[in-house]
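Have the model open as you read.

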Amino acid sequence: MSSDYSELYERLYQSDGREELAIYEELIRLADSNKDLPTAYDFRSAYCSRACEEGFPEKGIVAFSWCLAQYDKDPSLDDPYNLIWQYKVMLELIPIFETVTRDQIIKMQEDMAKRLAWMGETERTAHYYRSWNLMRMGDYEKAAEFQETYLGMTRTGMSDCDACERDRQVELLVRMHRDEEALQKGKTIMEGKMYCGEVPEFTNGHLVKALARLGKEEEATKRATKGYELIRRERKYLGTIGDLMLITVRNRDFNLGMRQVTKHLPWVVDSAAGELKYRFLNAVALFFEALSKDKPRTTKVRIPRELACYRKGDSYDMGELAAWFAEETRRYADRFNQRNGNSRYDEMIRDNREIAALD
Amino acid sequence: MSLGQNFQVNLSGVIRLLSDHLYGGPEVYARELLQNGVDAITARRLLDPTHHGTIRVEVVESEDAKTILVEDNGIGLTESEVHQFLATIGQSSKSGDFSRDDFIGQFGIGLLSAFVVSDEITVITQSAREPGAAVEWKGRVDGTYAVRLLDQSLSPGTRVYLRAKEGKEEFFTAEKVKGLLCHYGHHLPHEIQLEIDGNVESINEDAPWSDGGLSRSNQELLDYGKEVFGIDFLDAIPIASETGRVSGVAYVLPFSVSPASRQSHRVYLKQMLLSESVDGMVPDWAFFIRCVVNSDRLRPNAAREAFYEDDLLEQTRAEIGQCLKTYLTGLAENHRAKLDRIIRLHYLPIKALAVEDEEFFRLFIQWLPFETSIGSITLDEYFSEEHFGPEATLRYVRDLDQFRQIASVAGAQGLCVFNGGYTYDADLLDLVAEEFPSRDIRAIDATDLVQNFEELTFEEQQDAFDLVKLADLVLQKYKCSAEARKFDPAELPTLYTASESATFMRSVEQSQEDADELWGGILNNVASAVGNDGYAQLVLNYRNPLIRRLIRIDDEKLHKRIIEILYLQSLLLGHYPLSSSERTILGDGLLGLIEYFLGE
Ligand SMILES: Nc1ncnc2c1ncn2[C@@H]1O[C@H](COP(=O)(O)OP(=O)(O)OP(=O)(O)O)[C@@H](O)[C@H]1O
Ligand SMILES: [Mg+2]
């Protein structure tokens, strides 16, 4: 590696977050201008993983697409397992963009299935993603069927870890309102016996909904509090933060709620992932609605300037703010409904109102 | 149901595994023998608190053999205890619930480390509990052993004899043994004597914590740190933790270190050196600290090279962190000069702590330095009357790239833009916005900054009108607009700024060059989710002589070429790689210019 890289490399190890991504971007530019394909590939591949981890999936997808195209031209650039592993991450993220069509998601999922088969893998992983994508697109019954199928097959080296698989099962049950079963399934996760890098982080968001609906107030609050501690600094959990905030609203904990809104609203501004924004915006809308019913109408709030509802002077009418955020939520819901060809997102809005104890 | 069969264990294999692979190196045999002696004395002192413990080590070098003897006047062993504890791997007399906290040993495997340097271990021992004949035990590396009763009784205690095996003689020289004893045992609370050729010397040295509290002066502690680490530390801080029964000294490094650097703390367990490079004794944020500590309570791992990661250790770490925080807070109140020196070197760990800890944040935030387009500045300075005043707007960019695009140009206008691209900085600035709602703090894009450059007068606008209009047109195909402003340095003809999304769009286009239909479509749709406020602009510097001359020339074809080249050159200056079409244009443009000059 040339000395040009090594100084940046040094800095890479000392950084994280946006700084780390910026250094990768510079490394990539350097490798590109040196026409150093293998190095450019390695940097993009690493950048892709880090960008997704840091909550910028769109950057990851762009880098991955480049890697995939280069790999198809020259397979010696990467270990196929490595590539597929990254492909899995892409497939997980792609449905959260409302602008990506259903057809594109299915084609992408089947493209990966073909690659897996070509490597001699069983269809388990392909079914896993079929189930995942169907769940995200609101087709719960079919998603459950695929889940049944993959659970009946032997795990392979391409399978997600136990904890992740369990998380998906819990999420599906919660979406289907099978709350008791969800808690049953999620028991080992709740007890801390089953975990991984993203579990229970993601799972807490599903579990609190089930707990709240079953009236287990104390447990729901405890889980929401602990869960929020775990993820409050990580943008990739913006959606889950929204889920946990439903409990904040349910408890009418306006202090905490205002802190959460102020802290995470700026993330909405430069986030591209519609589904995460939708979940968070929905919680914000419910928060302001609850506030407008309990407190004087005009309140000071820090709203980022980039949002159209921003007002100079920072004083807002809570009812108006609630309406604006509800409208934003609606906008995303409509787009997702249209993409998915159903009305699950309306259902989720209704569910969230119930969990937030409004009406 | 009973299981009738016993496991068969290949003893020599197990011994080899434990002795060669568990422990760090052959040297640890000395530590393990010392440890057993210390524990034996501890056990005897539980019976008789007035007992004065001594460990005596003798090195005997003869023509054909090097031997060492480690003798203690501890509790000793009876014959049945010899069978039970010495001869059984994994059996320890110390693992019972009672007073397990008193002993250092606990696993019942330490003695095996002697087999790394010796093929045979001979132990002669006399129990302090039961009178009777002394017992001799010989154990061999092949896993066999023999026990016999001697025909006399000795004074209570234990002697362990080792004879160097071939190739391991170096660990038995007088010099080496002395080094090892000092290394592991210099702070032990019992007398340690080394006898060589009839001369006896004492190994013991006072530890900084040995008199309970830390009664040494700051300078003495610093001297101790210098002796132990070979570093002239900035400061020494007494630290303690009730939970881990820890006491010791934390030192502030006199140079900056990376957060990823390994922390190496010098750690003693019940006054015996555990290791010189223990990680995880202080919270993650305190990576600028090296410490020397003794713990009477934490549990060692089996290799006895680190502590076992449990709640106890976590709690201890937090308590040590609290000591460090109290120290820093104390400096803030009484020793600003010292604090400033520490902040200058260690602002990273201090920022790391401030992000995590609200109370600490409030106390320190105004003194922490940030990188800006006019150099390093603290918030205190920024909002002071001499600088920008308490009402000033604080602008920051979130990303390093953006900062680099504009820093030098902004600096030249005297505009202060904070770099929020470094780890912790954007977080801290966001927190400032939250905590001090009256301050006007906003994240900006590089493109916003141009709005602060000097506008052209009406006449100047008229003057530059045609060039700017043409540039806007020419650059349209690059999704870039043109504008004229006046800015410093005047030598710079153009400045290219792109918002984050414009930079992102460039990367999308780059990936699309090779993407197939499916991925091309996906990229388009992902890009549309980011939104097309993707905005880039080329700002022509009206102060620049070249630009002024360009305005004078009346040749549209030449203008077009030069504008493209200026644009591409600004991209290159900003380290943007050119797409293949841009490269072609750059090549064509240069050729065109050559032609133009030749034609003249
Ligand atoms: N110098 C000694 N005096 C008395 N008993 C001893 C002595 N050395 C060893 N023993 C006995 O032999 C046992 C085994 O010693 P060994 O060093 O292998 O294990 P340990 O000290 O109990 O635990 P660890 O593996 O943590 O060192 C001890 O538990 C102790 O009962
Ligand atoms: Mg021992």
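A salt bridge here is a side-chain nitrogen of Lys or Arg within 4 Å of a carboxyl oxygen of Asp or Glu. By that rule, five salt bridges cross the interface of chain A and chain B in this predicted model. One of the salt bridges in the model joins the side chains of Glu26(A) and Arg404(B), at 2.3 Å from N to O.

How many residues does each chain bring to the contact? Chain A supplies 44 residues and chain B supplies 45 residues. The size of an interface is often given as the accessible area lost when the parts come together. For chain A and chain B, the buried area is about 3,800 Å², with 53% of it from carbon and sulfur atoms. On the chain A side, Arg29(A), Val62(A) and Arg302(A) lose the most area to chain B, together 17% of what that side buries.

The structure holds seven cavities of 30 Å³ or more, and the largest cavity has about 210 Å³ of space. Its lining has 16 residues, and those closest to the centre are Val174(A), Arg175(A), Lys209(A), Met348(A) and Asn352(A). The lining divides by residue class as follows:

| Class | Lining residues of the largest cavity |
|---|---|
| Nonpolar | four residues |
| Polar | two residues |

The largest share, five residues, comes from α18(A).

Why does the largest cavity lie between domain 1 and domain 2 of chain A? Domain 1 (162–231) and domain 2 (234–359) both give residues to its lining, so the cavity lies between them.

Technical notes:
Residues are numbered from 1 along each chain as its sequence is written. Chains are lettered from A and ligands numbered from 1 in the order in which they are written. This is a predicted model: local features need pLDDT of at least 70, side-chain atom pairs count only at pLDDT 80 or more; totals for chains, interfaces and linings use all residues. Side-chain values use heavy atoms; hydrogens and water are left out. On a 1 Å grid over the protein atoms alone, a cavity is a set of points where a 1.4 Å probe fits but cannot get out, and a pocket is an open set with protein on both sides within 12 Å along at least five of seven lines; lining residues have an atom within 4 Å of a point. Grid points are joined across faces, edges and corners, and a volume is the space filled by probe spheres set on the points. Helices (H or I, at least four residues) and strands (E, at least two) are DSSP runs, numbered from the N terminus. Ala, Val, Leu, Ile, Met, Phe, Trp, Tyr, Cys and Pro count as nonpolar, Asp, Glu, Lys and Arg as charged, and the others, Gly among them, as polar. Domain bounds come from an automatic or database domain assignment. Contact means heavy atoms within 4.5 Å. Buried area is the accessible area (1.4 Å probe) that two parts lose on being put together, summed over both.
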